[in-house]
Amino acid sequence: MRSDVSRWSAAPAADGGQRLRASNRRIAWTLASIAAVFFAGIIATRWAGGGPIATGVMGAAVLLFLVVAIGRNLRRGDERARGSTGQMDASPREAARADPQRHDASDAAGEVPR
Amino acid sequence: MSSIAHDHAPELGHDDHAHHPSGIARWLTTTNHKDIGTMYLWFSFAMFLVGGTMAMVIRAELFQPGLQIVNPEFFNSMTTLHGLIMVFGAIMPAAVGFANWMIPMMIGAPDMAFARMNNWSFWLLPPAAILLVTSLFVPGGAAAAGWTLYPPLTVQAGMGMDLTIFAVHILGASSIMGSINIITTILNLRAPGMTLMRMPLFCWTWLITAYLLIAVMPVLAGAVTMLLTDRHFGTSFFNAAGGGDPVLFQHIFWFFGHPEVYIIILPAFGIVSQIIPTFSRKPLFGYASMVYATAGIAILSFIVWAHHMFTTGLPTAGLLFYMYATMLIAVPTGVKVFNWLATMWRGAMTFEAPMLFALGFLFLFTMGGFTGLVCAIMPVDVQLQDTYYVVAHFHYVMVAGTLFAFFGGAYYWIPKWSGTMYNETLGKVHFWSSLISFNVAFFPMHFLGLAGMPRRIPDYAQQFADWNMVSSIGAFWFGATQLLFLYSMIRCAAGIGPKAPAKPWEGADTLEWTLPSPAPYHTFETPPRIRHPVPGAH
């Protein structure tokens with residue numbers, strides 16, 4: 001029972017770090033906004049009374065999330081069209097990995113058994 | 001809100017302790033996931049002792065029929081606070097403590113994604129706990145309507161109820177921040193090669209739990225906010241006198257409350273899924289099906305809440321839907337139990353304390369799940385509603401399920417946390433004493449419930465006396481046994497005992513065991529690269 005784990009070395013890409021932080025924040029705000037919708041939604045629904053309001057609250061929230069998500073995607077598409085690198089599609093971690101400054105030092109570091 | 005980017009020391013872990021303050025400042029200001037995990041675990045154990053003391057008061061009063069020790073109002077406060085403290089103060093923080101300690105080390109991350117928010121999540125807990133406990137001393141006493149906080153009692157109660165509502169708000173905020181942190185950490189900080197389907201199952205169960213928390217904690221917060229406005233701002237959400245609907249609160253509460261059961265049990269499933277393969281020296285059987293079963297349980301948990309409300313006058317179609325939907329949960333749960341058994345099948349098993357607790361979990365949780373199925377049968381539940389049968393059922397799930405898994409997890413990882421091996425004899429005595437005393441305490445409650453003894457009542461008919469006495473003796477025994485665990489953990493924390501090797505368990509194969517013991521203060525600042533296709537596979 002073993003899996004192969006090797007170590008990296010080399011300096012990080014500052015750009016990759018920033019992208020990672022931005023991605024962290026994006027996930028956090030998305031999740032926090034979902035929590036806020038549930039919290040305010042349940043109160044608003046009962047305050048205004050009943051099913052149509054509940055449907056309206058959830059519908060508006062889903063619509064808002066869709067608009068934001070589609071808007072972000074369109075903006076990224078525009079940036080790509082203006083000649084940005086293909087790394088726009090990569091996750092922050094993948095982008096950091098793809099940084100040419102980083103290299104897999106597994107040969108030097110040896111295998112670490114799990 | 002701060003986020004952690006990777007540092008790039010060339011080591012997997014290093015032990016440079018000059019990087020953090022010492023003394024009280026270390027614990028107040030720490031952003032280290034291990035420190036925060038340690039604080040969560042000690043806090044939860046302290047709250048476990050507080051909630052346990054309340055349970056002792058309850059069982060002392062129920063030792064004999066009649067009123068001997070406390071008055072009925074105080075008894076009701078004890079049952080209420082015992083439930084709230086155990087659920088929100090002991091079990092959930094313990095699960096978050098395990099998550100803080102283990103998730104970054106299991107996925108090869110240097111820390112949690114939002115380290116400062118992690119600190120803040122923890123330090124919200126002590127004020128909430130103080131609010132809950134000190135509500136006993138305010139005029140009118142603590143909340144006494146049961147941990148479910150049903151109106152109309154909670155609309156009419158004294159200021160202890162306000163403190164409880166505020167505490168629930170704070171605890172909810174802490175849980176949501178913790179969940180955001182865990183989801184972000186797992187999604188963004190996994191080491192290269194650690195794909196989602198290569199993660200240890202503990203990380204999967206916590207990822208799903210965190211999503212559940214994000215969805216349902218705000219609903220509880222909304223419910224208690226409406227309760228607060230009913231009490232003080234003239235609204236009538238639940239106040240029947242103003243045209244409100246008390247049953248509406250039950251719907252909202254159990255929309256939170258039933259997923260909450262899985263919020264509590266899923267991390268325990270994750271811990272057991274780490275322990276059983278290790279001590280069976282085999283990979284986990286059916287890893288993918290375990291992931292899907294966990295997700296299935298989480299999804300189903302949203303559509304079964306009204307099985308807690310079979311006696312509230314739901315329409316027949318609703319009763320049938322909730323009954324069958326509840327029974328459906330047995331399918332993914334059965335998949336998990338089957339996979340744990342299949343993992344052990346023909347394994348080279350050994351029975352150290354973690355494995356004993358995992359097996360105890362498996363046996364007793366299955367019993368608790370089975371009595372849950374009994375309660376899910378609507379015509380039967382009408383008879384059992386609010387009897388001791390239900391108390392027995394959920395203690396088999398909460399205590400023998402979650403708590404046993406957490407004890408197993410603590411014994412399993414304490415060598416990594418402290419660098420010291422626990423005393424195996426003490427661990428085994430703790431297990432057997434817990435197993436026997438737990439059953440002495442809670443198994444008779446099935447008989448009491450079937451005979452019709454109602455819960456949350458300090459007095460009872462003479463016919464229930466014998467089994468109540470047995471149950472109380474078991475409860476005192478179980479409570480005293482936990483001091484063994486405390487002693488065992490203090491010994492390890494103090495470094496009394498043999499030094500732990502990096503990998504004390506032969507069959508352990510997850511990433512944390514590649515680190516020295518105790519785990520260095522900073523780990524995986526340089527991410528490892530994972531190359532194996534299936535976690536735990538040979």
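The secondary structure of chain A comprises four helices and three strands, where helices (H or I, at least four residues) and strands (E, at least two) are DSSP runs numbered from the N terminus. The structure is a predicted model, in which local features need pLDDT of at least 70 and side-chain atom pairs count only at pLDDT 80 or more, whereas totals for chains, interfaces and linings use all residues. Residues are numbered from 1 along each chain as its sequence is written, and chains are lettered from A and ligands numbered from 1 in the order in which they are written.

Along the sequence, the elements of chain A follow the pattern β-α-α-α-β-α-β. Of the 114 residues in chain A, 20% are buried; a residue is termed buried if 20 or more other C-beta atoms, placed from the backbone, lie within 10 Å of its own, exposed if 12 or fewer do, and partly exposed in between. When contacts in chain A between residues at least 6 apart in sequence are considered, 73% of them join residues at least 24 apart, a contact being a pair of residues whose C-beta atoms, placed from the backbone, lie within 7 Å.

The confidence of the prediction for chain A is given by a mean pLDDT of 66, with 58% of its residues reaching 70 or more; pLDDT is the predictor's confidence in each residue, from 0 to 100. Among the elements of chain A, helix H1 (residues 14-48) has the highest mean pLDDT (87) and helix H4 (residues 106-109) the lowest (32). The pLDDT is also below 50 over residues 99-114 of chain A, a stretch with 37 contacts in the model beyond near neighbours in sequence. Over residues 1-12 of chain A, pLDDT stays under 50, and the model has 56 contacts beyond four places in sequence for these residues. Where pLDDT is low, the predicted coordinates should not be read in detail.

Chain B contains 17 helices and three strands. Its radius of gyration, taken over C-alpha atoms, is 23 Å, close to the 24 Å that the globule rule gives for 538 residues, so chain B is as compact as a globular protein of that length; the rule is 2.2 Å times the number of residues to the power 0.38. The C-alpha trace of chain B spans about 70 × 50 × 45 Å along its principal axes, and buried residues account for 57% of the 538 residues. Of the contacts in chain B between residues at least 6 apart in sequence, 83% join residues at least 24 apart.

Helix H3 of chain B (residues 72-107) has 36 residues and should span 52 Å at 1.5 Å a residue, which agrees with the 50 Å between its end C-alpha atoms; the expected span is 1.5 Å times one less than the number of residues. H3(B) bends by about 35 degrees at B:Met86, the bend being the angle between axes fitted to the seven residues ending there and the seven starting there. Because 33 of its 36 residues are buried, H3(B) is largely enclosed by the rest of the structure. Just after H3(B), B:Gly108 takes a positive phi of about 75 degrees.

The buried residues of H17(B), among them B:Asn468, B:Phe478, B:Phe485 and B:Cys492, pack against helix H2 (33-61), helix H15 (388-418) and helix H16 (424-450) of chain B. Just after H17(B), B:Gly495 has a positive phi of about 80 degrees.

Within helix H9 of chain B (residues 246-280) lies B:Ile276, which is buried, with 27 other C-beta atoms within 10 Å. Not counting residues up to four places away in sequence, B:Ile276 touches B:Trp340, B:Thr343, B:Met344 and B:Ala358.

Most residues other than glycine have a negative phi, and most peptide bonds are trans. B:Arg281, in the loop between H9 and helix H10 (287-300) of chain B, has a positive phi of about 55 degrees although it is not a glycine. In the loop between H16 and H17 of chain B, B:Arg456 has a positive phi near 60 degrees. The peptide bond from B:Pro151 to B:Pro152 is cis, with omega near 10 degrees, and a cis peptide bond with omega of about -5 degrees joins B:Ser517 and B:Pro518.

Technical notes. Two residues are in contact if their C-beta atoms, placed from the backbone, lie within 7 Å.
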